[in-house]
Amino acid sequence: MHLSGYVSGNGARRQRIGVMGGTFDPIHHGHLVAASEVQHAFSLDEVIFIPTGVQPFKTKKRSTSREHRYLMAVIATASNPRFTVSRLEIDRQGITYTADTLEILAKTHPNADLFFITGSDALASILDWKDADSLFSLAHFVGVTRPGHVLDATGLPEEHVSLVEVPAMAISSTDCRARIAEGKPAWYLVPDGVVQYIGKHGLYLGVDVE
Ligand code: NAP
C-alpha cells in the first residue's frame, strides 16, 4: 500500500480511489458530506460507493432490498463527477466480506491505491473481520466519526487507519428510517431525489425488506 506513492513502476501516476462501504439504508447527506470530505482530505480521484450485500455481522438482520439501496445511492451521487456506485457486493451471492471486495478491486485497479471509508463504529471491529491481517495490505482505512464520538482504537495499526470527524454525520440512517416510519419528513436529511424515491416505493413502512 503506497500511501504517499503517486508514481507506479512504469512512471504513471497512481490513482487514489476511495471505496465507500456501507449498508446505505438509506443513503443520507452525512454519507455524502463524509465522502466529499475524505475525497478532499486524501486527494482521491474517485470515490466508489459500494452498498453491502450481506454484511457478515448482520446475517439475520433485515434491511431494505439491495436493488432499492443501490438505486438510492445512484440517485444521491449522480451529480458528483467523482462519485460512482458499484454493484460489486449487491450482485455477489452469500456473505459479502470486505476482504473479498478489496481483493477484486485491487485486481481490477492494479495502478490504484485504495482507501476504504466507512463509519468508525463499524471499523472498531475490523480486527474480527475475515482476513484481518491482509486487509491492511489492500487498503488504507478511513473511519468517519460523528461529533463527540470516541473510537476505542486499541490494537488498530495507526499507520493503516485514519479517523475523520464529520459534523454532518449527526444524521443517521436509523433516525431517517424511524422518522419515515412515523410519518415525519426526511427532506434535507437525504437528497431530494431519494426522498421522492422512498415515497414512490413506500420504503421504511415495513415492506420491501430482505
Ligand atoms: P453499520 O454497522 O450499519 O454502521 C456502523 C456505523 O457506521 C453507523 O453509525 C453507520 O451510520 C456508520 N456508517 C456505515 N457506513 C458508513 C459510511 N460509508 N460512511 C459513514 N458512516 C458510515 O455498518 P455497515 O454498513 O453494516 O458496514 C460498514 C462497512 O463495513 C460495510 O462496507 C461492510 O461490508 C463492512 N464490514 C465488513 C465486515 C467484514 O468484512 N467482516 C464486517 C463488518 C462490516 P449510518 O447507519 O447512518 O450509515
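Reply: A polar contact is a pair of N or O atoms within 3.5 Å; within protein, one must be able to donate a hydrogen and the other to accept it, and residues adjacent in sequence count only if both atoms are side-chain atoms. Here, a polar backbone atom of Ser 173 lies 2.8 Å from an oxygen atom of the ligand. For Arg 146, a polar side-chain atom is 2.5 Å from a ligand oxygen atom. A polar backbone atom of Gly 22 is 3.4 Å from an oxygen atom of the ligand.

Me: On what basis are such values given?

Reply: This is a predicted model, in which local features need pLDDT of at least 70 and side-chain atom pairs count only at pLDDT 80 or more, while totals for chains, interfaces and linings use all residues. Residues are numbered from 1 along each chain as its sequence is written, and side-chain values use heavy atoms, with hydrogens and water left out.

Me: By class, which residues make up the shell around the ligand?

Reply: Ala, Val, Leu, Ile, Met, Phe, Trp, Tyr, Cys and Pro count as nonpolar, Asp, Glu, Lys and Arg as charged, and the others, Gly among them, as polar. The shell has 10 nonpolar, 12 polar and 4 charged residues. Strand E4 provides the largest share, 4 residues; helices (H or I, at least four residues) and strands (E, at least two) are DSSP runs, numbered from the N terminus.

Me: How many aromatic pairs are there?

Reply: Rings of Phe, Tyr and Trp (its six-membered ring) pair if their centres lie within 6.5 Å; planes under 30 degrees apart count as stacked, over 60 as edge-to-face and the rest as tilted. The count comes to 7 aromatic pairs. One of them, Phe 24 with Phe 49, is tilted, at 5.8 Å centre to centre and 45° between the planes. Phe 24 lies in the loop between E1 and helix H1 (29-41) and Phe 49 in strand E2 (residues 46-51), so this pair ties together parts 25 residues apart in sequence.

Me: What should I look for in the backbone?

Reply: Most residues other than glycine have a negative phi, and most peptide bonds are trans. Asp 25 and Pro 26 are joined by a cis peptide bond, with omega about 0°. Pro 26 is in the loop between E1 and H1. Asp 131, although not a glycine, has a positive phi of about 55°.
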